[in-house]
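Please look over the sequence and the model shown below. The explanation that follows begins with a single residue and then widens its view.

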Amino acid sequence: FATPTEAAAVATVVSFLLATFYYRKMTWKVLVDAMRETAFLTALLMMSIIGARALGMALSMLQVAGALSQFVASLPLNRYVIWAIIVVIYALLGCLIDGIDLLVVTTPVFYPIVTKTLGFDPIWFGVVFVVLLEMWLITPPVGFNLYVTHSLAGGKNLEDTIKGMLPFFVAMLVCIALLTIFPNIVTYLPSRMGR
């Protein structure tokens, strides 16, 4: 019934109404603090996007993506081996850089390689990229969801939280492997929508 952005807006309004009229926890201080935090996070995200756009424009002007695509195409490796190397690169970078920043910075470089040079479907790459993004969100030391889960669990021992996340990390790796071996899992429904 709604796009993700519209659904988020509806959820925000419903949460505000519940906090105000049902739970009666909404005060001016809570509202001002929430708005301040929202403005801070939005500004932080916009700065990341501006920096990533500037980097993307510089890479485009220097034709880095094209040169990298030609280099990858010249490698005497199977496309699945190259894809596995890209997944490892993303996994390592995901441990060091926030997921949204990594998404904005690396997509202009890796998208042409994966879709044009290696010949993978763009929709397939988008779905697998979301799974990779979810992996970044639970990997230390930058994984946002890891720290959210840790704080919700009581915030006593981070090692226990990391051990608890390991099965999910392995499950996502298995999911990426399955989507790579059986790409029709992703592309079946979109291929039927045009008919």
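**From one residue to the whole chain**

D121 is partly exposed, because its relative accessible area is 33%; buried means under 20%, exposed over 50%, and partly exposed in between, with a 1.4 Å probe and protein chains only. The model is predicted, so local features need pLDDT of at least 70 and side-chain atom pairs pLDDT 80 or more, while totals for chains, interfaces and linings use all residues. Residues are numbered from 1 along each chain as its sequence is written, and side-chain values use heavy atoms, with hydrogens and water left out.

D121 lies in the loop between α5 (99-117) and α6. Helices here are DSSP runs (H or I, at least four residues), strands are runs of E of at least two, and both are numbered from the N terminus. Leaving aside residues up to four places away in sequence, D121 touches T115 and T187, where contact means heavy atoms within 4.5 Å. T187 is 66 residues from D121 along the chain, yet their C-alpha atoms are separated by 7.9 Å.

Two packed helices are described by the angle between their axes and the distance between the axes. Helix α6 (residues 122-136) and helix α9 (residues 184-193) have axes that come within 9 Å and cross at roughly 130 degrees. Such axes are lines fitted to C-alpha atoms, for helices over the stretch in contact, and angles run from 0 to 180 degrees between N-to-C directions. The two helices are therefore oblique to each other, since angles under 35 degrees count as roughly parallel, over 145 as roughly antiparallel, 65 to 115 as roughly perpendicular and the rest as oblique. On the α6 side the contact is made by I123, W124 and V127, and on the α9 side by V186, T187 and P190. These residues divide into five nonpolar, one polar and no charged; Ala, Val, Leu, Ile, Met, Phe, Trp, Tyr, Cys and Pro count as nonpolar, Asp, Glu, Lys and Arg as charged, and the others, Gly among them, as polar.

Helix α4 (residues 79-94) packs with α6 as well, at an angle of about 35 degrees and with the axes 9 Å apart. Here α4 contributes W83, V87, Y90, A91 and G94, while α6 contributes W124, F125, V128, F129, L132 and W136. This contact has ten nonpolar residues, one polar and no charged.

Taken as a whole, the protein has nine helices and zero strands. Of its 195 residues, 24% count as buried.
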